[in-house]
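Open the model in your viewer and keep the sequence panel beside it. The stops below each say what to select and what is there.

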Amino acid sequence: MGQYLNPGNIPFGEALHSEIYVDKTEMLAYTNRVIGTKQKLICVSRPRRFGKSMAAEMLAAYYSRGCDSRTLFERTKISAMSGFAEHINQYNVIYMDIQLARSIASNEGLSEQFLPYLQRQVLEELRQTFGSVMAKEDKSLARALQRIYAADGTRFIIIIDEWDCLFR
């Protein structure tokens with residue numbers, strides 16, 4: 001379980017156990033239906049304070065191989081829907097919080113180069129798990145994912161939270 005690769009379910013667990021939690025797990029039923037289709041690219045665009053980050057954490061907790069989330073989801077709406085057991089914790093997830101990455105890069109004096117910084121960090125975590133199929137010279141996340149897929153068919157679910165900070 002890493003910061004970017006298969007980040008786990010702790011943030012979603014905290015949200016789930018909060019007093020203001022609203023069950024939005026039905027979103028997972030739609031996501032499950034579009035995995036492996038041309039409709040698989042999803043953008044959740046809502047006004048501030050509408051739960052986009054919580055939804056991103058929910059997606060990571062549900063799909064990530066880096067944790068066991070069955071008990072977290074057993075009392076949610078998705079648990080009664082078809083596809084629940086088929087998809088839970090079955091995918092490698094790359095979770096990127098752009099605002100957090102930008103803040104860390106800025107603190108390290110790399111504010112103008114935070115996207116290359118983020119890419120290096122994700123590649124480092126991928127090498128820990130998939131290093132045997134990645135080339136040492138791989139500096140492109142896209143190329144690394146191509147190599148991993150070509151080697152063994154591993155697909156990834158990529159979740160990008162706070163993506164709009166690129167435009168702010």
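Which residues make a nonpolar surface patch of about 230 Å²? Select Tyr30, Ile42 and Val44: these three residues make the patch. Patches are built from residues with over 30% relative accessible area and no salt bridge, like charges being joined within 9 Å and nonpolar side chains (Val, Leu, Ile, Met, Phe, Trp, Tyr) within 5 Å. Accessible areas come from the Shrake-Rupley method with a 1.4 Å probe, and for residues only the protein chains shown count as cover.

The model is predicted: local features need pLDDT of at least 70 and side-chain atom pairs count only at pLDDT 80 or more, while totals for chains, interfaces and linings use all residues. Residues are numbered from 1 along each chain as its sequence is written, and side-chain values use heavy atoms, with hydrogens and water left out.

Stay on Ile42. Ile42 sits in the loop between α2 (26-34) and α3; helices (H or I, at least four residues) and strands (E, at least two) are DSSP runs, numbered from the N terminus. Ile42 counts as partly exposed because its relative accessibility is 39%, where buried means under 20% relative accessible area, exposed over 50%, and partly exposed in between (1.4 Å probe, protein chains only).

**Salt bridges**

Next, look for charged pairs. The structure holds two salt bridges, each defined as a side-chain nitrogen of Lys or Arg within 4 Å of a carboxyl oxygen of Asp or Glu. Select Glu26 and Lys77, whose side chains meet at 3.8 Å, N to O. This pair links distant parts of the chain, with Glu26 in helix α2 and Lys77 in the loop between α4 and α5, 51 residues apart. Glu26 is partly exposed at 42% relative accessibility, and Lys77 is partly exposed at 41%.

Now select Asp138 and Arg147, which form a salt bridge with the closest N and O atoms 2.8 Å apart. Asp138 is buried, at 5% relative accessible area, whereas Arg147 is partly exposed at 24%.

**Aromatic rings**

Show the rings of Phe, Tyr and Trp (its six-membered ring): two rings pair if their centres lie within 6.5 Å, and planes under 30 degrees apart count as stacked, over 60 as edge-to-face and the rest as tilted. The count comes to seven aromatic pairs. Why is the pair of Tyr62 and Phe73 edge-to-face? Their planes stand at 75 degrees, with the ring centres 5.4 Å apart, so the pair falls in that class. Tyr62 is in helix α3 (residues 52-63) and Phe73 in helix α4 (residues 70-73), eleven residues apart. Both Tyr62 and Phe73 are buried.

Move to Phe130 and Phe156, an edge-to-face pair with 5.6 Å centre to centre and 70 degrees between the planes. Phe130 lies in helix α7 (residues 114-130) and Phe156 in strand β2 (residues 156-161), so the pair ties together parts that are 26 residues apart in sequence. Phe130 is buried at 9% relative accessibility, and Phe156 is buried at 18%.

Then select Phe12, Tyr21, Tyr62, Tyr63, Phe73, Phe84 and Tyr91, which ring pairs link into a cluster.

**His87**

Select His87 in helix α5 (residues 84-87). Is His87 buried or exposed? His87 is buried, with 7% relative accessible area. Beyond its neighbours within four places in sequence, His87 is in contact (heavy atoms within 4.5 Å) with Asn32, Ile35, Tyr62 and Tyr63.

**Strands**

Finish with β1 and β2, which pair in the parallel sense over six bridges; strands pair if DSSP finds at least two bridges between them. Tyr95 has Ile159 in β2 as its bridge partner. Five of the six residues of β1 (residues 92-97) are buried, so this strand is largely enclosed by the rest of the structure.
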